[in-house]
Amino acid sequence: MREQLIKAMQHKQLVNMMYIAKDGSITKRRVKVIKIVGDSFQAFCFTRHAKRTFLIRNVLAFIPFISNGREVI
């Protein structure tokens, strides 16, 4: 997982992520990885519209986001 995070960060790529929160709930997030520190990483979360810190071990799936060019940002 760490290698995928590093690659996404280096390419400034948006990714879709399935994440398990502290309370056990599973969320789907679209994020842009900013930095990786130890066993966590900081990313801009487009769901919350803010920088968030995530634990690498809580990432269930991590898939590059591919735009079809029709989305309005």
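Some housekeeping. Residues are numbered from 1 along each chain as its sequence is written, and side-chain values use heavy atoms, with hydrogens and water left out. As the model is predicted, local features need pLDDT of at least 70 and side-chain atom pairs count only at pLDDT 80 or more, while totals for chains, interfaces and linings use all residues.

I start with the salt bridge, defined as a side-chain nitrogen of Lys or Arg within 4 Å of a carboxyl oxygen of Asp or Glu. The count by this rule is 1. Arg57 pairs with Asp39, and their closest N and O atoms are 3.4 Å apart. Arg57 sits in the loop between E4 and E5, and Asp39 in the loop between strand E2 (26-37) and E3, 18 residues apart. Strands here are DSSP runs of E, at least two residues, and helices are runs of H or I, at least four, numbered from the N terminus. Arg57 is exposed at 61% relative accessibility, whereas Asp39 is partly exposed at 45%. The cut-offs are under 20% relative accessible area for buried, over 50% for exposed and partly exposed in between, with a 1.4 Å probe and protein chains only.

Next, the backbone. Most residues other than glycine have a negative phi. Lys12, in the loop between helix H1 (2-10) and strand E1 (14-20), has a positive phi near 50°. His49, in the loop between strand E3 (40-45) and E4, has a positive phi near 55°. Lys12 is exposed at 61%, and His49 is exposed with a relative accessible area of 61%.

Which residue lies in the segment after E5? That is Phe65, and Phe65 is buried at 17%. Phe65 and Asn16 are 49 residues apart in sequence, with their C-alpha atoms 5.8 Å apart in space.

Last, the second largest pocket. A pocket is an open set of points on a 1 Å grid over the protein atoms alone, where a 1.4 Å probe fits, with protein on both sides within 12 Å along at least five of seven lines; lining residues have an atom within 4 Å of a point. The volume, meaning the space filled by probe spheres set on the points, is about 160 Å³. Strand E4 (residues 50-55) gives the most to the lining, with 4 residues. Others in the lining include Tyr19, Asp23 and Asn58.
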